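Me: I am new to this structure and would like to go through it step by step. Could we begin with the terms?

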Amino acid sequence: MDGDDCSFPPDLSDDQSQRGSVASSATLSRAQDVLVYLFGDSAVHLTIEGLGSVNVQELGRSVREALHIPDSVQDTFAFWLCSPLLELQLKVRHQPYKLCRQWQDLLYRFTEASEEDISQDEPFLQYRRNVFYPKSKELQIDDEVVLKLLYEEAKNNILTGRYPCDPEHWMSLGALSLALDEGTGLDSQQFTSTVREKKLSSYLPAHVVMGSGGLLSTLRGKSSRHAGLEQNLLAEYRKISTSAGSPAEPTQLLHQYLNTCHSLPYYGCGFFIGEIDKPVQGILQRGKRKSVNVGICLEGVYVMDVKEKHVLLGLRFSELSWDHSYPEEEGDSHILWLEFDGEEDGTPVNKLLKIYSKQAELMSGFIEFCVELKSTSEGGAAAETDGETSPSQQPAGQDGGRKNGRGRRRGMLHRQNSVVCSRVHSLNTINYVDNGKEIKRLKPKRAASFFTRQASAAPTYSAVQVTESLEQG
């Protein structure tokens, strides 16, 4: 099964909505101009005949020809329909024009956007990394055009905070970006002039450049903070210039940038929006939620704090069970349920995290397909080795000497302050202990268990089995 065959629910392209069933007009049978956007503020301008019936596979050939991308790496990229409200990777059989006509229906189905926002939203077609393309294969690419496309996308995700990373990462990546833009031969004066002309936000994440705190503290500390960032960026740039030489080979710098990004376990993820419950700290905070991004890739699932730009929970597929539920009554939410092993007051417990999102169905489908793809792939063993996080990236709050319920032994956590590490202690989870046949609930107390497990002789990937007490839809 091809990787791009699961980005939509199975019936999505067959929806016979009013918009989706509009027949191609006479004008669509003639040659039409089409813009396919790339990261880095560029686009491919195509002239397509019969636009209304052109599918992704046919469009892909035209884009690869225009960009001179070898057919041998055609699976590296996919087409996406994107807007500020929704991002969806298309299947090879999808017809982009018809899906654009369905866009409002998709927004009603998968977002909480208002009617006004939905009516004004328009998608654009983007050519970007295929979520289901293994990192191990990407490391073997030497084509400069392909590497540059991957670099521009990774750079965008770093600068916008979609890929949370620590100072040593974003400083090194910023220096590499500068070297790619300006070469490795800048002296200190040229460096300072270039950085101030293009601004630090061109090389470092926006939230790092802006800083934290209120307006007054931001204004007071801006000058000194920027000076410090410039000095650190210069130091990293000099290291790169020394090691790479001048002039440096672009492919060498591109590989170095992407290899650094590969150390982030969520590199290459498809992202979804959702909310989780905030921990209860008082009566006034009951019912409040935190906005999160949920990244899903071939290695696992990562829940990230949208505001703080750090990982709240990172789990490989061998460490979780999952399910999604539909609203049962008006006002209820779509929910993605993630179950994983944890600890409560020194006692090993099962933890259940609720992610509220109308994209829960999409997320569940993504997880299921990634699991199937990973387990059936001939290179599954190699991909597993490539996808393993280092001990410093293991989920926090885990006992390194205890086997989890999926037959694996977890490593000890070393970098407690890293933004890459999980912050399980900050999550509002439902905790319980599975003692054979009975479930002893710890916090909060419930009238009935949320779900039961099916015993298995070997570790398996299985969705959570939800009882009737949950919203089934």
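Reply: Two strands pair if DSSP finds at least two bridges between them. Strands (E, at least two residues) and helices (H or I, at least four) are DSSP runs, numbered from the N terminus. The model is predicted: local features need pLDDT of at least 70, side-chain atom pairs count only at pLDDT 80 or more, and totals for chains, interfaces and linings use all residues. Residues are numbered from 1 along each chain as its sequence is written, and side-chain values use heavy atoms, with hydrogens and water left out.

Me: How many bridges pair strand 7 and strand 8?

Reply: Five bridges pair strand 7 with strand 8 (residues 300–305), in the antiparallel sense. Three residues lie between these strands, which form a hairpin. In strand 8, D305 stands opposite V292.

Me: And which strand do eight bridges join to strand 7?

Reply: That is strand 6 (residues 270–277), which runs antiparallel to strand 7 (residues 289–296). Here I276 stands opposite K290 of strand 7.

Me: Changing topic: is D121 buried or exposed?

Reply: D121 is buried (under 20% relative accessible area; exposed is over 50%, partly exposed in between, with a 1.4 Å probe and protein chains only), because its relative accessible area is 12%. D121 sits in the loop between helix 4 (115–120) and strand 5 (124–129).

Me: What does D121 contact, leaving aside neighbours within four places in sequence?

Reply: With contact meaning heavy atoms within 4.5 Å, D121 touches S83, P84, L85, W103 and L107.
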